[in-house]
Amino acid sequence: MKSCPVSFTAADLFVYSMSASIVMKKYYRLPLRADLLVQKKQHETCSLVDSIAQNLHLIISTYHGESVYAHDFGCSIWDEEFKTQLSVRWKDEVRESVMNAIDKFEPRLQVSDIKVDLLQLETRALNSTLQVRRKVVLSIAGIIKKTNEKFNFQKSLFISPLSQL
């Protein structure tokens with residue numbers, strides 16, 4: 001069996017999946033298995049709610065430029081990841097970036113609120129070294145347009161390099 005010479009990121013496969021799901025009204029469970037799709041075998045599906053949640057996860061965990069087919073897919077969280085001092089407007093910039101990405105890449109959801117919280121967590125390593133990490137908590141609330149039902153999503157991400165004190 002020949003392998004496909006083109007490589008795809010999860011975001012690329014999602015863009016393909018979104019196009020296919022809108023036309024076919026099927027929602028594929030991620031990660032997509034391209035081998036099943038090429039062989040025309042049944043791929044595992046999921047509910048509309050799960051599909052939207054999977055898409056939001058991809059949007060939030062993808063940096064701009066990562067997707068070959070949609071360079072603006074993703075959000076700005078990763079643009080600031082390694083800065084030691086985050087600007088005062090950082091939360092607003094992330095909120096705006098996530099809102100713009102959802103407006104463009106998740107048309108099934110009408111967002112009513114996005115909250116961005118930045119936490120600093122301190123833990124002790126096995127050698128008693130104090131480690132400091134930043135954790136972003138994104139909370140997204142909205143309405144699924146097709147069903148008019150409430151939708152809530154929360155995602156936590158660790159950003160910036162691990163710091164040791």
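A salt bridge is here a side-chain nitrogen of Lys or Arg lying within 4 Å of a carboxyl oxygen of Asp or Glu. The model is predicted, so that local features need pLDDT of at least 70 and side-chain atom pairs count only at pLDDT 80 or more, while totals for chains, interfaces and linings use all residues. Residues are numbered from 1 along each chain as its sequence is written, and side-chain values use heavy atoms, with hydrogens and water left out.

**Exercise 1.** Describe the salt bridge between Lys104 and Asp72, and state where each partner lies.

Step 1. The side chains of Lys104 and Asp72 meet with 2.4 Å from N to O.

Step 2. This pair links distant parts of the chain, 32 residues apart, since Lys104 belongs to helix H4 (residues 90-105) and Asp72 to the loop between helix H3 (48-61) and H4. Helices (H or I, at least four residues) and strands (E, at least two) are DSSP runs, numbered from the N terminus.

Step 3. For accessibility, buried means under 20% relative accessible area, exposed over 50%, and partly exposed in between, with a 1.4 Å probe and protein chains only. Lys104 is exposed because its relative accessible area is 52%, whereas Asp72, at 35%, is partly exposed.

**Exercise 2.** Work out which residues are joined with Asp92 into one network of salt bridges.

Step 1. Asp92 forms a salt bridge with Arg89, their closest N and O atoms being 3.9 Å apart. Asp92 has a relative accessible area of 36% and is therefore partly exposed, and Arg89 is likewise partly exposed, at 43%.

Step 2. Asp92 also forms a salt bridge with Arg95, where the closest N and O atoms are 2.7 Å apart. Both Asp92 and Arg95 lie in helix H4, 3 residues apart, which is about one turn of the helix.

Step 3. Salt bridges that share partners join Arg89, Asp92, Glu93 and Arg95 into one network. The structure holds 8 salt bridges.
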